[in-house]
Amino acid sequence: MKFLSFKYNLLILFYLLSISVRAQHKQIEAVKTNEPIMIDGILDEAVWQNGFVATDFVQYEPYNGKPASHETEVRILYSDLGIYIGAQMLDVTDSISLELGSRDEDGLADFFGFVVDPFCDGLNGFGFAVTARGVQIDFKIDANDDLDDSWDAVWKSSAKVNEKGWAAEMMIPYSAIRFVKKDVQSWRINFWRSVQRYREYSTWNPIDIKVKGELSQSGELTQLIDLKPPLRLSATPYVSATGNYYT
């Protein structure tokens, strides 16, 4: 009986540990820069080396929870204008899928992207991606994992095949997203990558496909200091008329 009790408690412990591991949120610290960055898909600016590296991606599909087949290295910078993402996808150059699609369609091309939840509430997020062919994809996502790809923002991106595989570079102006005004803040964030020849999709922070709510399973972008939400102006059209009346 003592052995059975010990075995039962051990199973419970392993179960709780597995839940704890899956519930962990990776963190990456944002690094501020005032240096100009050319969004050309070539990560040759020295400032990129100042950024912390997000790596060790985990498969979303087809083998949920297993390590990704290829390494991905992502760095994040920010300035007074917006967020900069630089990603290097390690791969065999002649195996990269470069199918051409229209905006908001990957066209079966390899892609890199990220989803950000600035309010950290798991309710609403913004997604930005670029294919290896340079096609932009953007969308909104909600707590039920429903995507709204009719939403289009104004942002910059570029992708280039290189000797290591291919690279993506993005600049997301603050006007494209919404966030609180706070001296120091953190955002929930996750990075995605596809390798189409394997029908493989992987993420930086692991996502359990059995659990609803991909936003709540994101990692964390920290040390965003003194961000200024842009002024958002709206105007209501009206018609004015004047006239003179003579008797």
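This is a predicted model: local features need pLDDT of at least 70, side-chain atom pairs count only at pLDDT 80 or more; totals for chains, interfaces and linings use all residues.
Where is Y174 found? Y174 sits in the loop between β12 (165-173) and β13.

Residues are numbered from 1 along each chain as its sequence is written, and side-chain values use heavy atoms, with hydrogens and water left out.

**View 1**
Y174 has a relative accessible area of 4% and is buried. Buried means under 20% relative accessible area, exposed means over 50%, and partly exposed lies in between (1.4 Å probe, protein chains only). Y174 and P229 are 55 residues apart in sequence. In space, their C-alpha atoms are 6.7 Å apart. The structure holds 11 aromatic pairs. One of them joins Y174 and F179 in an edge-to-face pair, with 5.5 Å centre to centre and 70° between the planes. Rings of Phe, Tyr and Trp (its six-membered ring) pair if their centres lie within 6.5 Å; planes under 30 degrees apart count as stacked, over 60 as edge-to-face and the rest as tilted. Both Y174 and F179 are buried.

**View 1. F179 with W187.**
The ring centres of F179 and W187 lie 5.4 Å apart. Their planes meet at 45°, so this pair is tilted. F179 counts as buried at 7% relative accessibility. W187 is also buried, at 1%.

Strand β8 covers residues 124-131. Helices (H or I, at least four residues) and strands (E, at least two) are DSSP runs, numbered from the N terminus. Seven of the eight residues in β8 are buried, which leaves the strand mostly covered. Strand β7 (residues 111-117) pairs with β8 in the antiparallel sense, over six bridges. Two strands pair if DSSP finds at least two bridges between them. F111 has T131 of β8 as its bridge partner. The hairpin of β7 and β8 has six residues between the strands. In this hairpin, C120 takes a positive phi near 55°. In a regular strand the side chains alternate between the two faces of the sheet.

**View 2. Strand β8 and its neighbour β9.**
How many bridges join β8 to β9? Seven bridges do, and the two strands run antiparallel. Strand β9 spans residues 136-142. K140 in β9 is the bridge partner of F126. Four residues lie between the strands in the hairpin of β8 and β9. There, G134 takes a positive phi near 95°.

**View 3. A salt-bridge network at D91.**
D91, R193 and R197 are linked in a network of salt bridges. A salt bridge is a side-chain nitrogen of Lys or Arg within 4 Å of a carboxyl oxygen of Asp or Glu. R193 forms a salt bridge with D91, and the closest N and O atoms are 3.7 Å apart. This pair links distant parts of the chain: R193 is in strand β13 (residues 184-195), D91 is in the loop between β6 (82-90) and β7, and they are 102 residues apart. D91 also meets R197 in a salt bridge, at 2.6 Å from N to O. That pair spans 106 residues, from D91 to R197 in the loop between β13 and β14 (200-203). Are these residues buried or exposed? R193 is buried, with a relative accessible area of 2%. D91 is buried as well, at 10%. R197 is partly exposed, at 31%.

**View 4. D226 and K228.**
A search of the whole structure finds six salt bridges. In this view, the side chains of D226 and K228 meet in a salt bridge, at 2.7 Å from N to O. D226 is partly exposed, at 39% relative accessible area. K228 is partly exposed too, at 46%.

**View 5. Charges over rings.**
R197 lies over the face of Y198, at 4.7 Å from the ring centre. A charge sits over a ring if NZ of Lys or CZ of Arg is within 6 Å of the ring centre and within 35 degrees of the ring normal. K66 lies over the face of Y63, at 5.3 Å from the ring centre.

**View 6. An aromatic cluster.**
Which residues form one aromatic cluster? The members are F112, F114, F126, F128, W151, W155, F191 and W204.
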